[in-house]
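Thanks for coming, everyone. Let me put the structure up, and then I'll walk you through it.

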Amino acid sequence: MKTLPIAAAFGLFGAIAVTVSFSQQWPTWVMFIAWVSFYIFGKKWHSSLWAFLQIILGMGMAVLIQLTAGFLGQFIGAFGFPVSVFFYIGSLAYFAGTQKLNNIPAWFLGLIILFGVHPPLEPLPILKLLIPIIAGFFFAWLNNKVVETIHEKQVSESSTQ
């Protein structure tokens, strides 16, 4: 019986998140990548903000990859894209050595989001992707708060028995 309230919370927040995402015509999978990121990268606002920043930086890297590939493509044709990917993905080895920007999976999630949605390389379509990302982190945070509250209540009830 202890699992039922937690399952209900997960189901409720998932259903609300999907309903909001569909009604706003967001790419739902982008919101869920952010949701999962909250849980994977620490479940705290501080760690989530750093993960969020690196997801955004990964999206920026995806834009740079595409722009650089287009430029290089003028000189080396179809090899422009792999050379661009080699250069930028290779640079992640240097970020891995830093204290704050070393979350390589978060960088790749940003790459996945931008390459997956493949928006026009214009500021507004790219910035609009921030909305489902922020919503994903927010829904995960809310869900986590409710689940923590349920756990605390269950622990206090079992200790009084």
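One definition before we start: a helix here is a DSSP run of H or I, at least four residues long, and helices are numbered from the N terminus. Keep in mind that this is a predicted model.

With that numbering, look for His118. It sits in the loop that links helix 5 (104-117) to helix 6 (123-128). What is its phi? Is His118 buried or exposed? It is exposed, and its relative accessible area is 52%. The cut-off for exposed is over 50%.

Now go back along the chain to Gln25. Gln25 is in the loop between helix 1 (3-24) and helix 2 (28-40). Here too phi is positive in a residue other than glycine, this time near 60 degrees. Gln25 is exposed, with a relative accessible area of 72%.

Let's step back to the whole chain. How many helices and strands are there? Seven helices, zero strands. Along the sequence, the pattern reads α-α-α-α-α-α-α. The radius of gyration is 19 Å. For 161 residues the globule rule gives 15 Å, so the chain is more spread out than a compact globule. The C-alpha trace spans about 75 × 40 × 20 Å along its principal axes.

What about burial? Of the 161 residues, 35% count as buried. And contacts? Take those between residues at least 6 apart in sequence: 70% of them join residues at least 24 apart.

Find helix 3, residues 45-76, and helix 4, residues 80-95. Their axes come within 7 Å. They cross at roughly 140 degrees. Angles over 145 would count as roughly antiparallel. Helix 3 and helix 4 are therefore oblique to each other. The crossing is right-handed.

Who makes the contact? From helix 3, the residues are Met61, Leu64, Ile65, Thr68, Ala69, Leu72, Gly73 and Ile76. From helix 4, they are Gly80, Phe81, Val83, Ser84, Val85, Tyr88, Ile89, Ser91 and Leu92. How do the residues of this contact divide into nonpolar, polar and charged? Twelve are nonpolar, five are polar, and no charged residue takes part.

That's the tour. Over to you.

How values were computed
Residues are numbered from 1 along each chain as its sequence is written. This is a predicted model: local features need pLDDT of at least 70, side-chain atom pairs count only at pLDDT 80 or more; totals for chains, interfaces and linings use all residues. Side-chain values use heavy atoms; hydrogens and water are left out. Axes are lines fitted to C-alpha atoms, for helices over the stretch in contact, and angles run from 0 to 180 degrees between N-to-C directions. Helices (H or I, at least four residues) and strands (E, at least two) are DSSP runs, numbered from the N terminus. Angles under 35 degrees count as roughly parallel, over 145 as roughly antiparallel, 65 to 115 as roughly perpendicular and the rest as oblique. A crossing is left-handed if the near helix is turned anticlockwise from the far one by less than a right angle, and right-handed if clockwise. Contact means heavy atoms within 4.5 Å. Ala, Val, Leu, Ile, Met, Phe, Trp, Tyr, Cys and Pro count as nonpolar, Asp, Glu, Lys and Arg as charged, and the others, Gly among them, as polar. The radius of gyration is taken over C-alpha atoms; the globule rule is 2.2 Å times the number of residues to the power 0.38. Buried means under 20% relative accessible area, exposed over 50%, partly exposed in between (1.4 Å probe, protein chains only).
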